[in-house]
Amino acid sequence: MGRLQADGGRALGSSDGIGYTLYYATNFIFTGLAVAVAYHAGLFNIGAEGQAYIGGLGVGLVCLGLGHWPFWAVLPLAVLAGALGGAAWALIPAWLQARRGSHVVITTIMFNFIASAVMTYLLVTC
């Protein structure tokens, strides 16, 4: 099985295991933090998964488009693109709730599905 099974498959049994655990858990940690910030403000954000997808798309596009630039210049632009992409994706359900009175949980769950479909489409066709 290679390196993943070298330590018996334990997540915290070696430095490789800890590295893999942190690598795979990072997205979940930041998505959970985004939900916690919204909840602390009195909102229930169930659309963090879709926002993370679209934010990641923004980061990927900036990194692919500016790949010849130095890392120190691309990093802040990539972070900004990720934040703006996720915020833009959250803006639509927020507007629907504020102006049309739609239920934010229902719209954000639907937007999670739409973001997943958009990412699947882009990964398969582009």
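The protein has a radius of gyration of 18 Å, whereas a compact globule of 126 residues would have one near 14 Å. The radius is taken over C-alpha atoms, and the globule rule is 2.2 Å times the number of residues to the power 0.38. This is a predicted model, in which local features need pLDDT of at least 70, side-chain atom pairs count only at pLDDT 80 or more, and totals for chains, interfaces and linings use all residues. Residues are numbered from 1 along each chain as its sequence is written, and side-chain values use heavy atoms, with hydrogens and water left out.

**Fold and dimensions**
- The protein contains four helices and zero strands (DSSP runs numbered from the N terminus: helices are H or I, at least four residues; strands are E, at least two).
- Along the sequence the pattern is α-α-α-α.
- Taken along the principal axes, the box filled by the C-alpha atoms is roughly 55 × 35 × 30 Å.

**Surface and contacts**
- Of the 126 residues, 23% count as buried (under 20% relative accessible area, 1.4 Å probe, protein chains only).
- Of the contacts between residues at least 6 apart in sequence, 43% join residues at least 24 apart (a contact means heavy atoms within 4.5 Å).

**Residue Q51**
- Q51 lies in helix α2, which spans residues 48-65.
- Q51 counts as buried because its relative accessibility is 15%.
- Leaving aside residues up to four places away in sequence, Q51 touches N45, G86, W89 and A90.

Key:
Buried < 20%, exposed > 50% of the residue type's maximum accessible area, 1.4 Å probe, protein only.
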